[in-house]
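Please walk me through this protein model. Begin with the overall fold, then go to the core and the surface.

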Amino acid sequence: MASNQNQNSSTITGDVKSRIDKIWDTLWAGGITVPVTILEQLTYLFFIKLLDDKQRREESNAIEFGYELEDPLFKKGEKWTNPETVYDDPKDVFARIDALEAQFAAKQQEFKQKYL
């Protein structure tokens, strides 16, 4: 009986569960039906969100300390906070991830050549 209580206390409920279900249903309706693939796509979306949050902090610091942000990851108008204004098709978000991955790989190679 005690193990059932512990199991139930870690279950996602309420608003969080309904938000996750809505995202899951959207991906499923879009043709992504393999659960592992859905989790992979969610991971990409969370990663983009983290990158956007990081850039927002950097932009805020740039404004506060009076310098210009060099080579921002997301150009003007490309914000995670309102992706539908940037991307006509949700698949474009994933194309952008691929482009970011290519940019990162190039910078990683440049770093290796310079410092290693």
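The paragraphs below go from the fold to the core, and then to the side-chain pairs and the surface.

This is a predicted model, in which local features need pLDDT of at least 70 and side-chain atom pairs count only at pLDDT 80 or more, while totals for chains, interfaces and linings use all residues. Residues are numbered from 1 along each chain as its sequence is written, and side-chain values use heavy atoms, with hydrogens and water left out.

Start with the fold. The protein has four helices and zero strands. Its pattern along the sequence is α-α-α-α. Helices here are DSSP runs (H or I, at least four residues), strands are runs of E with at least two, and both are numbered from the N terminus. Contacts (heavy atoms within 4.5 Å) also say something about the fold. Of those between residues at least 6 apart in sequence, 38% join residues at least 24 apart.

Next, the surface as a whole. The protein exposes about 9400 Å². Carbon and sulfur atoms supply 58% of that area. Accessible areas come from the Shrake-Rupley method with a 1.4 Å probe, and for residues only the protein chains shown count as cover. Of the 116 residues, 16% count as buried. Buried means under 20% relative accessible area, exposed means over 50%, and partly exposed lies in between (1.4 Å probe, protein chains only).

Now go inside. Which residues make up the largest nonpolar core? Its 10 residues are Leu27, Ile38, Leu42, Leu45, Ile48, Leu51, Phe74, Phe94, Ile97 and Leu100. H3 and helix H4 (90-115) are the elements that give two or more residues to this core. H3 supplies the largest share, five residues. A nonpolar core is a set of buried Ala, Val, Leu, Ile, Met, Phe, Trp, Tyr and Cys residues joined through side-chain atoms within 4.5 Å.

Two residues show what packs against what. Leucine 42 is in contact with Ile23, Trp24 and Leu27, leaving aside its neighbours within four places in sequence. Glutamine 41 is found in helix H3. Is glutamine 41 buried or exposed? Glutamine 41 counts as buried because its relative accessible area is 11%. Leaving aside neighbours within four places in sequence, glutamine 41 is in contact with Leu27, Ile32 and Phe94. Glutamine 41 and phenylalanine 94 are 53 residues apart in sequence, yet 8.4 Å apart in space, C-alpha to C-alpha.

Turn to the charged pairs. How many salt bridges does a search of the whole structure find? The search finds five. A salt bridge is a side-chain nitrogen of Lys or Arg within 4 Å of a carboxyl oxygen of Asp or Glu. One of them joins aspartate 15 to arginine 19, with the closest N and O atoms 3.2 Å apart. Both residues lie in helix H2, four residues apart, about one turn of the helix. Aspartate 15 is partly exposed at 47% relative accessible area. Arginine 19 counts as exposed, at 56%.

Helix H3 (residues 35-65) holds lysine 49 and aspartate 53, four residues apart, about one turn of the helix. Their side chains meet in a salt bridge at 2.7 Å, N to O. Lysine 49 is partly exposed at 32%, and aspartate 53 is partly exposed at 23%.

Arginine 56 and aspartate 52 also form a salt bridge, at 3.3 Å, N to O. Both lie in helix H3, four residues apart, about one turn of the helix. Why does aspartate 52 count as buried? Aspartate 52 is buried because its relative accessible area is 0%. Arginine 56 is partly exposed, at 38%.

The rings come next. The structure holds one aromatic pair. The rings of phenylalanine 111 and tyrosine 115 have centres 4.8 Å apart and planes at 45°, so the pair is tilted. Rings of Phe, Tyr and Trp (its six-membered ring) pair if their centres lie within 6.5 Å; planes under 30 degrees apart count as stacked, over 60 as edge-to-face and the rest as tilted. Both residues lie in helix H4, four residues apart, about one turn of the helix. Phenylalanine 111 is partly exposed at 47%, whereas tyrosine 115 is exposed at 53%.

Ile12, Val16 and Ile20 make a nonpolar surface patch of about 240 Å². Patches are made of residues with over 30% relative accessible area and no salt bridge; like charges are joined within 9 Å, and nonpolar side chains (Val, Leu, Ile, Met, Phe, Trp, Tyr) within 5 Å. Isoleucine 20 is found in helix H2 (residues 14-29). Isoleucine 20 is partly exposed, with a relative accessible area of 37%.
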